Amino acid sequence: KAELSGKFGKFMEWVNEVKRLGVYTNADTPRDAKQGRIFGAEGIGLCRTEHMFFSENRIPAVRRMIISRSLEERVKALNELLPMQREDFYGIFKEMREYPVVIRLLDPPLHEFLPKEEKDLQDIANSMGISYEDIRDRVIELEEFNPMLGHRGCRLAVSYPEIARMQARAIIEAAIEIKSEVPNIKPEIMVPLVGHINELKFVKEQMVDEINKVFAEKGEKVEYLIGTMIEVPRAALTADQIATEADFFSFGTNDLTQMTFGFSRDDSSRFLADYNNKKVFDFAPFEQVDQIGVGKLMKMAVEDGRKSNPDLILGICGEHGGDPSSVEFCNALGLTYVSCSPYRVPIARLAAAQAVIKQKQK
Ligand code: PEP
Ligand code: MG
(Lines give C-alpha, C1' and ligand atoms only; values in the text may rest on other atoms or scores of the structure.)
(Ligands and ions follow the chains in the order given, each with its own letter.)
Protein backbone atom coordinates (compact mmCIF):
# COMPACT_ATOMS: atom_id res chain seq x y z
CA LYS A 1 0.00 0.00 0.00
CA ALA A 2 2.79 2.36 -0.95
CA GLU A 3 1.79 5.98 -0.88
CA LEU A 4 3.36 8.37 -3.36
CA SER A 5 4.83 10.72 -0.80
CA GLY A 6 8.04 12.69 -0.21
CA LYS A 7 10.28 13.55 -3.14
CA PHE A 8 8.71 10.92 -5.33
CA GLY A 9 5.27 12.35 -4.60
CA LYS A 10 6.51 15.82 -5.54
CA PHE A 11 8.00 14.46 -8.76
CA MET A 12 4.70 12.80 -9.62
CA GLU A 13 2.95 16.15 -9.09
CA TRP A 14 5.20 17.60 -11.80
CA VAL A 15 4.34 14.64 -13.99
CA ASN A 16 0.67 15.58 -13.67
CA GLU A 17 1.40 19.15 -14.69
CA VAL A 18 3.00 17.94 -17.92
CA LYS A 19 0.77 15.06 -19.03
CA ARG A 20 -2.30 15.58 -21.19
CA LEU A 21 -3.91 12.12 -20.98
CA GLY A 22 -6.13 11.25 -18.05
CA VAL A 23 -4.85 8.18 -16.22
CA TYR A 24 -7.58 5.97 -14.80
CA THR A 25 -7.50 2.62 -13.11
CA ASN A 26 -9.25 -0.66 -13.80
CA ALA A 27 -10.95 -1.63 -10.55
CA ASP A 28 -13.92 -3.74 -9.56
CA THR A 29 -13.74 -3.46 -5.77
CA PRO A 30 -13.60 -0.45 -3.44
CA ARG A 31 -10.19 -1.76 -2.33
CA ASP A 32 -8.71 -1.62 -5.85
CA ALA A 33 -10.38 1.73 -6.42
CA LYS A 34 -8.70 3.05 -3.28
CA GLN A 35 -5.32 1.67 -4.34
CA GLY A 36 -5.73 3.28 -7.75
CA ARG A 37 -6.57 6.61 -6.11
CA ILE A 38 -3.50 6.37 -3.85
CA PHE A 39 -1.41 5.96 -7.00
CA GLY A 40 -3.07 8.99 -8.56
CA ALA A 41 -5.79 7.49 -10.77
CA GLU A 42 -8.29 10.13 -11.88
CA GLY A 43 -11.17 7.76 -12.43
CA ILE A 44 -12.13 4.13 -13.08
CA GLY A 45 -11.90 3.34 -16.77
CA LEU A 46 -13.10 -0.23 -16.40
CA CYS A 47 -15.11 -1.74 -13.60
CA ARG A 48 -15.58 -5.37 -14.66
CA THR A 49 -18.66 -6.90 -13.06
CA GLU A 50 -17.94 -10.60 -13.69
CA HIS A 51 -16.18 -11.31 -10.41
CA MET A 52 -19.06 -9.82 -8.44
CA PHE A 53 -21.20 -12.74 -9.62
CA PHE A 54 -18.83 -15.46 -8.46
CA SER A 55 -19.22 -15.11 -4.71
CA GLU A 56 -20.60 -18.21 -3.06
CA ASN A 57 -23.82 -16.56 -1.89
CA ARG A 58 -24.63 -15.37 -5.42
CA ILE A 59 -23.76 -18.34 -7.59
CA PRO A 60 -27.06 -20.25 -7.10
CA ALA A 61 -29.07 -17.21 -8.29
CA VAL A 62 -26.53 -16.55 -11.07
CA ARG A 63 -26.94 -20.09 -12.36
CA ARG A 64 -30.73 -19.82 -12.34
CA MET A 65 -30.49 -16.48 -14.14
CA ILE A 66 -28.53 -18.16 -16.95
CA ILE A 67 -30.02 -21.63 -17.09
CA SER A 68 -33.72 -21.11 -16.61
CA ARG A 69 -35.87 -21.08 -19.75
CA SER A 70 -38.55 -19.12 -17.92
CA LEU A 71 -38.30 -15.32 -17.94
CA GLU A 72 -40.22 -15.22 -14.67
CA GLU A 73 -37.68 -17.50 -12.97
CA ARG A 74 -34.75 -15.52 -14.38
CA VAL A 75 -36.22 -12.23 -13.17
CA LYS A 76 -36.77 -13.78 -9.73
CA ALA A 77 -33.08 -14.71 -9.60
CA LEU A 78 -32.08 -11.22 -10.78
CA ASN A 79 -34.19 -9.63 -8.06
CA GLU A 80 -32.14 -11.58 -5.52
CA LEU A 81 -28.94 -10.21 -7.07
CA LEU A 82 -30.10 -6.59 -7.40
CA PRO A 83 -29.50 -5.41 -3.79
CA MET A 84 -26.01 -6.96 -3.81
CA GLN A 85 -25.14 -5.24 -7.10
CA ARG A 86 -26.48 -1.93 -5.77
CA GLU A 87 -24.15 -2.31 -2.80
CA ASP A 88 -21.20 -3.19 -5.08
CA PHE A 89 -21.64 0.03 -7.05
CA TYR A 90 -22.43 2.18 -4.02
CA GLY A 91 -19.12 1.07 -2.43
CA ILE A 92 -17.19 1.98 -5.57
CA PHE A 93 -18.91 5.37 -5.99
CA LYS A 94 -18.20 6.12 -2.33
CA GLU A 95 -14.51 5.49 -2.87
CA MET A 96 -14.31 7.44 -6.14
CA ARG A 97 -16.59 10.35 -5.18
CA GLU A 98 -16.79 12.82 -8.07
CA TYR A 99 -14.26 11.00 -10.28
CA PRO A 100 -15.61 9.24 -13.39
CA VAL A 101 -16.54 5.57 -13.01
CA VAL A 102 -17.12 3.40 -16.07
CA ILE A 103 -19.04 0.25 -15.20
CA ARG A 104 -19.16 -2.53 -17.76
CA LEU A 105 -22.12 -4.84 -18.19
CA LEU A 106 -21.54 -8.50 -17.41
CA ASP A 107 -19.03 -10.08 -19.82
CA PRO A 108 -18.21 -13.61 -18.68
CA PRO A 109 -17.34 -16.57 -20.75
CA LEU A 110 -20.65 -18.22 -20.01
CA HIS A 111 -19.17 -21.66 -19.28
CA GLU A 112 -17.65 -20.28 -16.07
CA PHE A 113 -21.16 -19.92 -14.65
CA LEU A 114 -22.39 -23.34 -15.72
CA PRO A 115 -22.49 -26.10 -13.11
CA LYS A 116 -20.26 -29.09 -13.83
CA GLU A 117 -20.71 -31.36 -10.82
CA GLU A 118 -23.69 -33.70 -10.72
CA LYS A 119 -24.53 -32.41 -7.24
CA ASP A 120 -24.70 -28.78 -8.44
CA LEU A 121 -26.98 -29.80 -11.31
CA GLN A 122 -29.21 -31.64 -8.85
CA ASP A 123 -29.30 -28.61 -6.49
CA ILE A 124 -30.43 -26.32 -9.31
CA ALA A 125 -33.01 -28.84 -10.48
CA ASN A 126 -34.40 -28.96 -6.93
CA SER A 127 -34.43 -25.19 -6.50
CA MET A 128 -36.23 -24.72 -9.82
CA GLY A 129 -38.59 -27.64 -9.33
CA ILE A 130 -37.65 -29.31 -12.64
CA SER A 131 -36.00 -32.60 -13.50
CA TYR A 132 -32.27 -33.29 -13.39
CA GLU A 133 -32.40 -34.40 -17.04
CA ASP A 134 -33.95 -31.09 -18.11
CA ILE A 135 -31.22 -29.12 -16.39
CA ARG A 136 -28.49 -31.33 -17.85
CA ASP A 137 -29.89 -30.89 -21.38
CA ARG A 138 -30.08 -27.13 -20.93
CA VAL A 139 -26.47 -26.96 -19.71
CA ILE A 140 -25.32 -29.01 -22.71
CA GLU A 141 -27.23 -26.55 -24.93
CA LEU A 142 -25.38 -23.60 -23.36
CA GLU A 143 -21.88 -25.10 -23.55
CA GLU A 144 -19.54 -23.79 -26.25
CA PHE A 145 -16.29 -24.96 -27.87
CA ASN A 146 -14.98 -21.39 -28.15
CA PRO A 147 -16.52 -19.44 -25.26
CA MET A 148 -14.28 -16.39 -25.80
CA LEU A 149 -15.77 -16.03 -29.29
CA GLY A 150 -19.23 -16.99 -28.20
CA HIS A 151 -22.11 -16.06 -25.97
CA ARG A 152 -20.52 -13.21 -24.02
CA GLY A 153 -20.54 -9.42 -23.77
CA CYS A 154 -23.50 -7.68 -25.39
CA ARG A 155 -24.54 -10.98 -26.95
CA LEU A 156 -25.52 -12.09 -23.48
CA ALA A 157 -27.41 -8.82 -22.98
CA VAL A 158 -29.26 -9.40 -26.26
CA SER A 159 -30.26 -12.94 -25.23
CA TYR A 160 -31.06 -11.89 -21.67
CA PRO A 161 -31.92 -8.16 -21.68
CA GLU A 162 -33.18 -8.55 -18.12
CA ILE A 163 -29.56 -8.88 -16.93
CA ALA A 164 -28.62 -5.53 -18.50
CA ARG A 165 -31.78 -4.04 -17.00
CA MET A 166 -30.91 -5.30 -13.52
CA GLN A 167 -27.37 -3.92 -13.76
CA ALA A 168 -28.49 -0.54 -15.12
CA ARG A 169 -31.06 -0.32 -12.30
CA ALA A 170 -28.44 -1.20 -9.66
CA ILE A 171 -26.02 1.43 -11.04
CA ILE A 172 -28.63 4.18 -11.16
CA GLU A 173 -30.18 3.31 -7.79
CA ALA A 174 -26.71 3.40 -6.20
CA ALA A 175 -26.00 6.75 -7.88
CA ILE A 176 -29.29 8.23 -6.61
CA GLU A 177 -28.48 6.90 -3.13
CA ILE A 178 -25.10 8.65 -3.03
CA LYS A 179 -26.25 11.84 -4.71
CA SER A 180 -26.75 13.72 -1.43
CA GLU A 181 -23.05 13.15 -0.67
CA VAL A 182 -21.73 13.40 -4.23
CA PRO A 183 -24.01 15.81 -6.09
CA ASN A 184 -22.05 15.51 -9.38
CA ILE A 185 -22.30 11.73 -9.57
CA LYS A 186 -22.53 10.71 -13.23
CA PRO A 187 -22.11 6.97 -13.80
CA GLU A 188 -20.96 5.68 -17.18
CA ILE A 189 -22.35 2.36 -18.38
CA MET A 190 -20.26 0.42 -20.88
CA VAL A 191 -21.54 -2.26 -23.24
CA PRO A 192 -18.91 -4.92 -24.08
CA LEU A 193 -18.17 -6.81 -27.31
CA VAL A 194 -20.32 -4.69 -29.59
CA GLY A 195 -19.69 -5.42 -33.27
CA HIS A 196 -22.71 -3.74 -34.87
CA ILE A 197 -24.59 -0.54 -34.07
CA ASN A 198 -27.87 -2.41 -33.61
CA GLU A 199 -26.42 -4.41 -30.72
CA LEU A 200 -25.59 -1.20 -28.88
CA LYS A 201 -28.93 0.33 -29.83
CA PHE A 202 -30.88 -2.68 -28.54
CA VAL A 203 -29.07 -2.90 -25.21
CA LYS A 204 -29.18 0.87 -24.75
CA GLU A 205 -32.95 0.98 -25.34
CA GLN A 206 -33.47 -1.71 -22.71
CA MET A 207 -31.33 0.15 -20.20
CA VAL A 208 -32.81 3.60 -20.87
CA ASP A 209 -36.30 2.16 -20.40
CA GLU A 210 -35.31 0.61 -17.07
CA ILE A 211 -33.49 3.76 -15.94
CA ASN A 212 -36.57 5.87 -16.69
CA LYS A 213 -38.59 3.47 -14.54
CA VAL A 214 -36.12 4.02 -11.68
CA PHE A 215 -36.38 7.81 -12.09
CA ALA A 216 -40.19 7.61 -11.98
CA GLU A 217 -40.18 5.34 -8.89
CA LYS A 218 -37.67 7.48 -6.97
CA GLY A 219 -38.94 10.86 -8.17
CA GLU A 220 -35.29 11.75 -8.63
CA LYS A 221 -32.78 11.69 -11.50
CA VAL A 222 -29.04 11.53 -12.08
CA GLU A 223 -27.07 12.19 -15.22
CA TYR A 224 -25.41 9.18 -16.85
CA LEU A 225 -23.54 8.18 -20.00
CA ILE A 226 -23.82 5.05 -22.14
CA GLY A 227 -20.92 3.95 -24.30
CA THR A 228 -19.24 0.92 -25.71
CA MET A 229 -16.02 -1.02 -25.81
CA ILE A 230 -14.27 -1.17 -29.15
CA GLU A 231 -12.79 -4.65 -28.96
CA VAL A 232 -14.17 -6.47 -31.98
CA PRO A 233 -12.48 -5.48 -35.28
CA ARG A 234 -15.91 -4.97 -36.84
CA ALA A 235 -16.67 -2.29 -34.23
CA ALA A 236 -13.55 -0.37 -35.22
CA LEU A 237 -14.46 -0.74 -38.90
CA THR A 238 -17.99 0.59 -38.32
CA ALA A 239 -17.10 3.18 -35.67
CA ASP A 240 -18.76 5.99 -37.65
CA GLN A 241 -22.14 4.30 -37.16
CA ILE A 242 -21.57 3.08 -33.60
CA ALA A 243 -20.48 6.56 -32.46
CA THR A 244 -23.94 7.93 -33.24
CA GLU A 245 -25.29 5.81 -30.36
CA ALA A 246 -22.33 6.12 -27.97
CA ASP A 247 -21.22 8.80 -25.51
CA PHE A 248 -17.83 7.14 -25.29
CA PHE A 249 -15.57 4.48 -26.78
CA SER A 250 -13.10 2.46 -24.75
CA PHE A 251 -10.60 0.32 -26.61
CA GLY A 252 -10.47 -3.21 -25.25
CA THR A 253 -7.12 -4.05 -26.72
CA ASN A 254 -6.93 -7.47 -25.06
CA ASP A 255 -9.79 -8.76 -27.19
CA LEU A 256 -9.02 -6.44 -30.11
CA THR A 257 -5.50 -7.90 -30.29
CA GLN A 258 -6.79 -11.45 -29.93
CA MET A 259 -9.27 -10.99 -32.75
CA THR A 260 -7.04 -8.91 -35.04
CA PHE A 261 -4.07 -11.25 -34.74
CA GLY A 262 -6.16 -14.40 -34.49
CA PHE A 263 -4.02 -15.30 -31.42
CA SER A 264 -5.73 -16.60 -28.32
CA ARG A 265 -5.04 -14.16 -25.48
CA ASP A 266 -5.01 -17.10 -23.09
CA ASP A 267 -2.70 -19.44 -25.00
CA SER A 268 -0.47 -17.44 -27.35
CA SER A 269 2.29 -16.82 -24.79
CA ARG A 270 2.93 -20.56 -24.75
CA PHE A 271 4.34 -20.55 -28.24
CA LEU A 272 5.35 -16.93 -28.81
CA ALA A 273 8.74 -17.32 -27.07
CA ASP A 274 9.88 -20.00 -29.51
CA TYR A 275 8.16 -18.25 -32.36
CA ASN A 276 10.01 -15.01 -31.62
CA ASN A 277 13.33 -16.87 -31.59
CA LYS A 278 12.82 -17.56 -35.29
CA LYS A 279 12.84 -13.78 -35.85
CA VAL A 280 9.70 -14.07 -37.91
CA PHE A 281 7.76 -12.18 -35.30
CA ASP A 282 9.66 -10.04 -32.87
CA PHE A 283 7.47 -8.62 -30.16
CA ALA A 284 4.71 -9.47 -27.73
CA PRO A 285 1.37 -8.23 -29.08
CA PHE A 286 -0.36 -8.44 -25.73
CA GLU A 287 2.21 -6.16 -24.11
CA GLN A 288 2.48 -3.40 -26.69
CA VAL A 289 -0.14 -2.01 -29.06
CA ASP A 290 0.76 -3.18 -32.53
CA GLN A 291 0.66 0.08 -34.41
CA ILE A 292 0.33 -1.37 -37.89
CA GLY A 293 -2.50 -3.72 -36.94
CA VAL A 294 -4.50 -3.00 -33.82
CA GLY A 295 -3.25 0.60 -33.78
CA LYS A 296 -4.46 1.14 -37.32
CA LEU A 297 -7.92 -0.03 -36.32
CA MET A 298 -7.84 2.28 -33.29
CA LYS A 299 -6.83 5.26 -35.41
CA MET A 300 -9.63 4.53 -37.84
CA ALA A 301 -12.16 4.25 -35.00
CA VAL A 302 -10.97 7.50 -33.40
CA GLU A 303 -11.20 9.44 -36.66
CA ASP A 304 -14.47 7.95 -37.87
CA GLY A 305 -16.04 8.05 -34.40
CA ARG A 306 -15.16 11.72 -33.84
CA LYS A 307 -16.48 12.65 -37.30
CA SER A 308 -19.97 11.41 -36.47
CA ASN A 309 -19.86 12.39 -32.77
CA PRO A 310 -17.48 15.30 -32.03
CA ASP A 311 -18.15 14.98 -28.25
CA LEU A 312 -17.14 11.31 -28.15
CA ILE A 313 -14.97 10.52 -25.11
CA LEU A 314 -12.14 8.12 -26.03
CA GLY A 315 -10.20 5.80 -23.75
CA ILE A 316 -8.38 2.50 -23.59
CA CYS A 317 -8.88 -0.10 -20.88
CA GLY A 318 -7.00 -3.13 -22.20
CA GLU A 319 -3.76 -4.02 -20.40
CA HIS A 320 -1.88 -1.93 -22.99
CA GLY A 321 -3.22 1.14 -21.14
CA GLY A 322 -0.37 0.64 -18.65
CA ASP A 323 2.40 -0.03 -21.17
CA PRO A 324 4.62 3.05 -21.77
CA SER A 325 5.00 2.73 -25.53
CA SER A 326 1.27 2.08 -25.93
CA VAL A 327 0.54 5.11 -23.73
CA GLU A 328 2.72 7.19 -26.06
CA PHE A 329 0.72 5.90 -29.00
CA CYS A 330 -2.59 6.71 -27.24
CA ASN A 331 -1.35 10.23 -26.52
CA ALA A 332 -0.56 10.74 -30.19
CA LEU A 333 -3.98 9.37 -31.15
CA GLY A 334 -5.58 12.05 -28.97
CA LEU A 335 -7.39 9.73 -26.58
CA THR A 336 -8.97 11.29 -23.49
CA TYR A 337 -7.57 8.75 -21.01
CA VAL A 338 -5.76 5.47 -20.52
CA SER A 339 -6.89 2.99 -17.88
CA CYS A 340 -4.83 0.18 -16.36
CA SER A 341 -4.55 -1.95 -13.23
CA PRO A 342 -3.83 0.06 -10.05
CA TYR A 343 -0.16 -0.85 -9.76
CA ARG A 344 0.57 0.34 -13.29
CA VAL A 345 -0.98 3.78 -12.71
CA PRO A 346 2.28 5.56 -11.69
CA ILE A 347 4.10 4.18 -14.76
CA ALA A 348 1.21 5.19 -17.01
CA ARG A 349 1.28 8.72 -15.54
CA LEU A 350 5.00 8.97 -16.15
CA ALA A 351 4.65 7.60 -19.68
CA ALA A 352 1.86 10.09 -20.38
CA ALA A 353 4.12 12.98 -19.34
CA GLN A 354 7.08 11.63 -21.34
CA ALA A 355 4.81 11.30 -24.37
CA VAL A 356 4.02 15.03 -24.21
CA ILE A 357 7.72 15.94 -23.87
CA LYS A 358 8.67 13.69 -26.81
CA GLN A 359 5.89 15.16 -28.92
CA LYS A 360 7.15 18.70 -28.20
CA GLN A 361 10.72 17.68 -29.03
CA LYS A 362 9.56 16.40 -32.38
C1 PEP B 1 -10.23 -6.05 -23.31
O2 PEP B 1 -10.71 -6.93 -24.02
O3 PEP B 1 -9.22 -5.39 -23.63
C4 PEP B 1 -10.84 -5.71 -22.02
C5 PEP B 1 -10.44 -4.68 -21.31
O6 PEP B 1 -11.82 -6.53 -21.55
P7 PEP B 1 -11.53 -7.96 -20.89
O8 PEP B 1 -10.04 -8.03 -20.66
O9 PEP B 1 -12.30 -7.99 -19.64
O10 PEP B 1 -12.02 -8.89 -21.93
MG1 MG C 1 -12.67 -7.69 -23.59
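At what angle do helix α15 and helix α16 pack, and how far apart are their axes? Here are my notes, starting there.

1. Helix α15 (residues 324-333) packs on helix α16 (residues 345-361) at an angle of about 50°, with the axes 8 Å apart. Axes here are lines fitted to C-alpha atoms, for helices over the stretch in contact, and angles run from 0 to 180 degrees between N-to-C directions. That angle makes α15 oblique to α16; under 35 degrees counts as roughly parallel, over 145 as roughly antiparallel, 65 to 115 as roughly perpendicular, and the rest as oblique.

2. Before going on: this is a predicted model, where local features need pLDDT of at least 70 and side-chain atom pairs count only at pLDDT 80 or more, while totals for chains, interfaces and linings use all residues. Residues are numbered from 1 along each chain as its sequence is written, and chains are lettered from A and ligands numbered from 1 in the order in which they are written. The chain averages a pLDDT (the predictor's confidence in each residue, from 0 to 100) of 94, and 98% of the residues score at least 70. For the complex, the predictor gives an ipTM of 0.99 and a pTM of 0.96.

3. Contact means C-beta atoms, placed from the backbone, within 7 Å.

4. Now the barrel: it is closed, has 8 strands, and runs β1-β2-β3-β4-β5-β6-β7-β8 with parallel pairing. Pairing takes at least two DSSP bridges between two strands. Helices (H or I, at least four residues) and strands (E, at least two) are DSSP runs, numbered from the N terminus. Ignoring direction, neighbouring strands are turned by 25° against each other on average.

5. For a look at one pair, take β3 (residues 101-104) and β4 (residues 188-191), which run parallel and are joined by 3 bridges. Ile103 sits opposite Ile189 in β4.

6. Helix α2 (residues 30-38) packs on α4 at about 15°, with axes 9 Å apart, which makes α2 roughly parallel to α4. Pro30, Ala33, Lys34 and Arg37 of α2 touch Gly91, Ile92, Lys94, Glu95 and Met96 of α4. That contact has 4 nonpolar, 1 polar and 4 charged residues.

Technical notes. Contact = placed C-beta atoms within 7 Å. Nonpolar A, V, L, I, M, F, W, Y, C, P; charged D, E, K, R; others polar.
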